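Please read them with the coordinates open.

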Amino acid sequence: MKGILYGVGVGPGDPELLTIKAVKVIKKADVVVAPKTEKKDISSALSIAKPYIKKSTEIIELTFPMLLNKEKISAAWEDNKRIIVNLLRQEKRVVFVTLGDPMLYSTFIYVQRLVAEYGYPIKVIPGITSFSAIGSRLNYPLAEGSDTLCIVPATIDEKKLDELLSTSNNLVLLKVYKNFNKIVKKLNKYQLINNAVMVTKCGLEGERIITDLKNKGSEEVNYLSTIIVRRYTKDKIIT
Ligand SMILES: C[S@@+](CC[C@H](N)C(=O)[O-])C[C@H]1O[C@@H](n2cnc3c(N)ncnc32)[C@H](O)[C@@H]1O
């Protein structure tokens, strides 16, 4: 049998929010590869997948440094690619687990690009995104009728952020941890602050729901934090 690479979305946190397909693929894995940041002891995606990984399955955690220049892959990425390709050469079923959905702002997107040239089959199993889980957690609709919904990495440049905040009906702001105070100022400026809510670690231990963003204070914002905003809403956030 030829080696095969799966990109499996494990959802945002709750270990019951994986698809049946994701669980089946994880259970049949020879090797589970999990992306890890330099700061963390254990990969979040791995903790979520853990209950479904067989004892005999090898687990490899790999650190993928942030890609500053998306054209130029660093030595660490080259090493990681080599490790994955070697496993595929050994005809292994390699399952790369990723938070939320693998096709949305995920390390797997770059991994699949790097591995594609070696000709091994690559299959993607979708996952529940962070913002889908947050909308449901709060009974707060993301969009309805003719609403537009804009998914924004809050790290984009200021001008673009202004443009989106002033035009889109509803927004999902990901990666808000870096410039949280600036985002709050902008939500105030566009009179969106009262319809904005931030959820940190949705479905995970330590989950927090912050509806009063104006008065959140200056404590550090966790990486796993997302803000959802609606310009007009009749709905109450249910915490
Ligand atoms: C690199 S993106 C990954 C998005 C992911 N692939 C998805 O489908 O949601 C990382 C961002 O996703 C959001 N995120 C992921 N998991 C989350 C969670 N459990 N609670 C809140 N936000 C989360 C945060 O905004 C975080 O900065």
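1. Helix 5, residues 130-138, has as its buried residues Ser130, Phe131, Ala133, Ile134 and Gly135. The cover over these residues includes strand 7 (170-174), strand 8 (196-200) and strand 10 (225-230). After helix 5 comes Asn139, with a positive phi near 50 degrees. This is a predicted model, and the remarks below should be read accordingly.

2. The chain is divided into domain 1 (4-125) and domain 2 (130-230). Taken over C-alpha atoms, the centres of domain 1 and domain 2 are 27 Å apart. Seven residues from domain 1 and eight residues from domain 2 make the contact. On the domain 1 side, the residues that touch domain 2 are three nonpolar, three polar and one charged.

3. The ligand is surrounded by 21 residues, and the closest are Gly100, Thr129, Ser130, Leu174 and Cys202. Sorted by class, the shell around the ligand holds ten nonpolar, eight polar and three charged residues.

4. In domain 1, which runs over 4-125, helix 3 (residues 75-89) packs on helix 4 (residues 107-116) at an angle of about 60 degrees, the axes being 10 Å apart. The crossing of helix 3 past helix 4 is right-handed. Helix 3 contributes Lys81, Ile84 and Val85 to the contact, and helix 4 contributes Val111, Leu114 and Val115. By class, this contact has five nonpolar residues, no polar residues and one charged residue. Residues three or four places apart on an α-helix point the same way, because there are 3.6 residues a turn.

5. Is Pro35 buried or exposed? Pro35 counts as buried because 21 other C-beta atoms lie within 10 Å, against a cut-off of 20 or more. Pro35 is located in strand 2 (residues 31-36). Leaving out residues up to four places away in sequence, Pro35 touches Ser43, Ala45, Leu62, Phe64, Thr98 and Thr107. From Pro35 to Phe64 there are 29 residues along the chain, while their C-alpha atoms are separated by 6.5 Å.

6. Val199 belongs to strand 8, one of the strands that cover helix 5. Val199 is buried, since 27 other C-beta atoms lie within 10 Å. With residues up to four places away in sequence not counted, Val199 touches Ile134, Arg137, Ile209 and Thr226. Val199 and Ala143 are 56 residues apart in sequence, and 18 Å lie between their C-alpha atoms.

7. Most residues other than glycine have a negative phi. Lys175, not a glycine, has a positive phi of about 55 degrees, and Lys201, also not a glycine, has a positive phi of about 55 degrees. Lys175 is in the loop between strand 7 and helix 7 (180-189), and Lys201 is in the loop between strand 8 and strand 9 (208-210). Lys175 counts as partly exposed because it has 16 C-beta neighbours inside 10 Å. Lys201 is likewise partly exposed, with 17 other C-beta atoms within 10 Å.

Notes: Residues numbered from 1 in each chain as written. Predicted model: local features only at pLDDT ≥ 70, side-chain atom pairs only at ≥ 80, totals over all residues. Buried ≥ 20, exposed ≤ 12 C-beta atoms within 10 Å, placed from the backbone. Helix = DSSP H or I, 4+ residues; strand = E, 2+ residues; numbered from the N terminus. Contact = placed C-beta atoms within 7 Å. Near = placed C-beta within 6 Å. Nonpolar A, V, L, I, M, F, W, Y, C, P; charged D, E, K, R; others polar. Axes fitted to C-alpha atoms, helices over the stretch in contact; angles between N-to-C directions. Left-handed = near helix turned anticlockwise from the far one by under 90°. Domains from an automatic or database assignment.
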